[in-house]
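The sequence and the model are shown first.

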Amino acid sequence: MIVLSPPARVCLLLGITLIVLAGSGGAFTAPDLTALYLGWWPRLVMALLAGGGLALAGAVMQQALRNPLATPTTLGVVSGTQFSLLVATVAFPGLVIVGREWVALAGGAMAMGVVVLLAWRSRLAPVVVILAGLIVNLYLSALSIVMLLLHQEELHGVLIWGAGSLAQSGWDGVAFLWPRLLLAAPLAILLARPLDILSLGDAQARSLGVSLHYIRLAALGVALFLAACVTSVAGVVGFVGLAAPTAARLLGARGFLAVASWSVAIGALLLAVIDLLLQAVSASSPLIIPTGAMTAVLGGPLLLWLLFRLKLSGKPPLRQRPVLPSSRHGSLKWGLMLLGLLAAIALSLGTGQALQGWRWFDLAHAAAMLEWRLPRALAAGSAGAILAIAGVIVQRLTRNPMASPELLGVSGGAALGLIGALFLLRGATVPALVIAGFIGALAGIAVVILLNRRSGFIPQRLLLTGVAVTAIASGVQSILLAGGDPRGQQAIAWMSGSTYYVDITAAAIIAAVAIVSLLVVPLFSRWLDLLPLGAAAATGLGLNTNRSRFVLLLVVALLTACATLIVGPLSFVGLLAPHMARMAGFTNARSHLLGAAGLGCLLMVAADWVGRQVLYPQEIPAGLVASLVGGIYFFIGMRRL
């Protein structure tokens with residue numbers, strides 16, 4: 001038993017009072033008792049059950065892994081359950097009806113298994129576990145968008161569910177959820193003593209006869225079951241499992257039973273209060289705000305706050321691979337890259353499928369084929385080159401080989417700015433969208449830099465901060481896209497990185513931006529050669545580090561906004577191309593920039609062609625193809641941590 005401080009008692013009392021008052025108000029404002037009984041009250045009970053279940057799952061995960069950031073959301077479990085339910089809805093709809101919680105459990109277990117596999121060599125170090133989980137989230141989100149684009153009719157309404165909708169049309173959801181939570185809660189209680197022993201450390205736990213692997217496996221199984229059941233009914237509700245246990249510990253809870261008990265109470269009240277407030281806002285506004293998306297927006301700052309309470313070292317997150325000597329085989333490297341780029345362009349322009357089968361380039365149909373294929377190849381290649389240049393700048397600026405515009409919140413901020421302009425400005429022009437994206441990208445990277453400036457840009461913390469900022473931006477995007485606006489489908493297609501609607505004018509503009517970038521950015525080569533040496537060394541060599549960083553950040557924001565307008569916010573080209581260039585021996589700044597630009601162009605042209613052919617006549621957007629390939633590369637890099 002714990003004794004709560006007076007402020008804690010006041011907070012809990014206010015939460016309970018708000019729910020009671022809202023219930024009384026709902027009784028007066030409901031059109032009739034039937035609507036109240038079948039709509040309002042089931043939604044309130046669902047919020048209480050879902051919040052309590054996710055909070056308990058988070059408390060169990062944190063105790064089992066001895067990681068204050070471990071939750072179903074941060075470890076990729078929720079995204080895994082969502083993706084598995086999407087796949088089952090399309091391929092095995094009967095299975096979803098019979099046992100959707102088991103489908104969700106399989107997806108969550110898959111995601112958790114990938115995270116554990118990636119972090120196993122680091123002995124499940126907290127920062128590596130969380131970084132792996134957040135990257136799994138991004139990867140599964142890309143796969144979910146692919147499913148949504150390919151099966152729009154079957155997955156109608158999935159945006160609202162995926163954003164965490166607690167709306168109910170009866171008591172079926174509550175009747176499904178409460179017995180399963182009642183089954184899992186006693187199992188968590190039975191694990192209380194072994195979990196308390198785990199908190200003493202692995203060595204002491206073994207000396208007391210506790211089997212670490214079996215206890216952790218059992219605890220994670222209970223947490224997975226809780227998260228899967230909640231997600232299968234309520235959709236993706238983020239960060240409740242992080243906020244509730246954290247609040248319980250801050251309020252004085254010690255020991256697993258005390259933390260778990262108060263986490264359940266706080267999580268239930270927290271989600272119910274947020275949902276009630278959103279209902280009040282939605283009643284006076286046409287905008288539908290999904291509860292799960294709002295919890296992600298509110299939970300992102302909490303994640304940022306907790307990140308800076310972790311003790312992290314400045315160890316680089318990835319061992320550098322040996323590269324080819326830059327002084328040898330220089331002409332051969334450039335020649336091979338140019339040959340590969342020409343081959344990718346020839347493949348993209350000269351081959352493709354049609355209703356009659358594969359068609360090869362012929363002079364009789366040359367004009368028609370080029371009219372359709374040239375703008376797409378030109379736009380994809382130019383965007384790839386631009387993102388690669390931005391990635392080189394970010395990696396050298398932060399001295400972090402795992403940094404990229406996609407992982408540091410730059411692309412997320414640009415996407416948020418572009419979507420905001422699309423929804424707020426009627427008939428927004430391309431220059432207006434670029435300006436909005438530039439402002440969003442600049443805001444995203446500015447937040448990351450400001451939050452990490454005092455800590456010396458520790459690589460792991462920098463990455464985690466960027467992904468947390470991306471999570472906040474994704475939550476806001478979900479709110480905008482789930483409102484039923486017809487522009488939402490256009491935004492989804494654009495966010496996936498499709499070049500389908502690119503015409504020759506837009507392609508020429510983005511190509512001009514790429515050419516200007518290739519001409520201008522190498523002028524900053526000296527800055528990019530000196531900044532990786534550290535602020536003291538760069539200053540000693542005559543470089544004004546503050547001014548150079550500010551100018552480079554502006555360049556990154558502008559380039560990312562332009563590229564994001566074409567290939568969406570998540571392609572991983574800004575991570576993959578600079579790595580490939582470095583491995584090929586392009587080590588100094590100038591060659592690194594040009595080599596990465598060429599490889600980024602090659603990757604995106606190839607991704608656009610593969611996306612057009614692999615599921616013909618349907619298409620996978622080039623940005624998603626690149627993100628799937630880049631995500632696999634990132635997972636391989638994580639295995640070397």
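How are H16 and H23 oriented to each other?

## Basis of the report

The structure is a predicted model, in which local features need pLDDT of at least 70 and side-chain atom pairs count only at pLDDT 80 or more, while totals for chains, interfaces and linings use all residues. Residues are numbered from 1 along each chain as its sequence is written, and side-chain values use heavy atoms, with hydrogens and water left out.

## Helix H16 against helix H23

The axes of helix H16 (residues 410-424) and helix H23 (residues 545-567) are 9 Å apart and meet at an angle of about 60°, the axes being lines fitted to C-alpha atoms, for helices over the stretch in contact, with angles running from 0 to 180 degrees between N-to-C directions. H16 and H23 are therefore oblique to each other, given that angles under 35 degrees count as roughly parallel, over 145 as roughly antiparallel, 65 to 115 as roughly perpendicular and the rest as oblique. Their crossing is right-handed, a term used when the near helix is turned clockwise from the far one by less than a right angle, left-handed being the anticlockwise case.

Contact, meaning heavy atoms within 4.5 Å, is made by Val410, Ser411, Ala414, Ala415 and Leu418 of H16 and by Val556, Thr560, Ala561, Thr564 and Leu565 of H23. By class these residues are seven nonpolar, three polar and no charged, where Ala, Val, Leu, Ile, Met, Phe, Trp, Tyr, Cys and Pro count as nonpolar, Asp, Glu, Lys and Arg as charged, and the others, Gly among them, as polar.

## Two helices that meet H10

Helix H4 (residues 93-119) and helix H10 (residues 212-234) have axes that come within 8 Å and cross at roughly 125°, which makes H4 oblique to H10. On the H4 side, the residues in contact include Arg100, Glu101 and Trp102, and on the H10 side they include Leu220, Leu224 and Phe225. The residues of this contact divide into eleven nonpolar, two polar and two charged.

Helix H3 (residues 77-91) also meets H10, the axes coming within 9 Å and crossing at roughly 50°, so that H3 too is oblique to H10. H3 passes H10 in a right-handed crossing, and the contact is made by Val77, Val78, Thr81, Gln82 and Leu85 of H3 with Leu224, Ala227, Ala228, Thr231 and Ser232 of H10.

## The chain and its cores

The chain has 26 helices and two strands, which are DSSP runs numbered from the N terminus (helices H or I, at least four residues; strands E, at least two). Of its 641 residues, 57% are buried, with buried meaning under 20% relative accessible area, exposed over 50% and partly exposed in between (1.4 Å probe, protein chains only).

A nonpolar core is a set of buried Ala, Val, Leu, Ile, Met, Phe, Trp, Tyr and Cys residues joined through side-chain atoms within 4.5 Å. The largest holds 158 residues, of which Met61, Leu75, Leu195, Ile393 and Leu552 touch the most other members, and helix H5 (residues 126-150) gives the most to this core, with 16 residues. A second, separate core of eight residues includes Ala248, Ala258, Val259 and Ile266.

## An exposed tryptophan

Trp360 lies in strand S2 (residues 357-360) and counts as exposed, at 57% relative accessibility.
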